Structures are given as C-alpha cells and as structure tokens.
Amino acid sequence: MATTETADEPWAAQRDASWYNRPNTRTDKVVHVAGKPSLYGQMSRCGRSVLNEDLMWSLEGVPEHVRCQGSGCRQAWPVATRTASDGRHHP
Ligand SMILES: [Zn+2]
C-alpha cells in the first residue's frame, strides 16, 4: 500500500540505538531525516539507520552539528539557519 506524501510533515530523529547490538556512542548523537518506512521501522533518508520514533525532531530544531551529512539526509535539511548572528565562519 502506498503511503500518502501530502500530509506528512518532514521530521527527524536519532537512530534507534537499541536495535543494534553494537551501539556506537560517537554516532548516536547524529540526527537523521526520516525517509521511507521499512520492514524494520522508519528508515533515514540516507538509508543507514532505523530511526527512533519515540523522539521526533522538527527539521529546524536540529542543531547543525548533529545533522546527518549522509547523502539523502544532507539535502533535506533546511538551509536558512545560518544567520548573521553566528559569526564563527566569517571573521
Ligand atoms: Zn542520515
């Protein structure tokens, strides 16, 4: 059955670490953009992880340093978050 693409708000989540038998504490903080549902749960757009649906984020609410930069997730993040108030990149 095809899922509707119209009503779904994009959301993001960390991967479901409990699903893996080797949790990696360094990458557990990465937040992925939700992609397609799979047999195992909600997949990330980069296709690397099953997401923890117990803790959803809005895309705008995810800090840049924890955003997944994998292909698929990377293109989905909103780009308007870099403002003049953050002067770290431009001295
Ligand atoms: Zn990802």
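Residues 24 or more positions apart account for 54% of the contacts with a separation of 6 or more in the protein, a contact being a pair of residues whose C-beta atoms, placed from the backbone, lie within 7 Å. The structure is a predicted model, in which local features need pLDDT of at least 70 and side-chain atom pairs count only at pLDDT 80 or more, whereas totals for chains, interfaces and linings use all residues. Residues are numbered from 1 along each chain as its sequence is written.

The protein has four strands and zero helices, and reading along the sequence gives the pattern β-β-β-β; helices (H or I, at least four residues) and strands (E, at least two) are DSSP runs, numbered from the N terminus. Strand β2 pairs with strand β3 (residues 41–44) in the antiparallel sense over three bridges, pairing being assigned if DSSP finds at least two bridges between two strands. The two strands β2 and β3 are joined by a hairpin through two residues, and S38 has G41 in β3 as its bridge partner.

Of the 91 residues of the protein, 21% count as buried, a residue being buried if 20 or more other C-beta atoms lie within 10 Å of its own, exposed if 12 or fewer, and partly exposed in between, with C-beta atoms placed from the backbone. The largest nonpolar core has twelve residues, namely A12, A13, V30, V31, V33, A34, M43, V50, L51, V62, C68 and C73; such a core is a set of buried Ala, Val, Leu, Ile, Met, Phe, Trp, Tyr and Cys residues joined through C-beta atoms within 7 Å. Two or more residues of this core are given by each of the elements β1 (12–15) and β2 (31–38), and β2 provides the largest share, three residues. In soluble globular proteins, nonpolar side chains tend to be buried together.

Within strand β2 lies V31, which counts as buried because it has 23 C-beta neighbours inside 10 Å. Apart from neighbours within four places in sequence, V31 is in contact with A12, A13, Q14, W57, V62, V66, R67 and C68. The C-alpha atoms of V31 and E64 are 9.5 Å apart, although these residues are 33 residues apart in sequence.

P78, by contrast, is found in the segment after β4 (51–57) and counts as exposed because it has 11 C-beta neighbours inside 10 Å. When residues up to four places away in sequence are not counted, P78 touches L59 and E60; P78 and L59 are 19 residues apart in sequence and 6.9 Å apart, C-alpha to C-alpha.

Key
Two residues are in contact if their C-beta atoms, placed from the backbone, lie within 7 Å.
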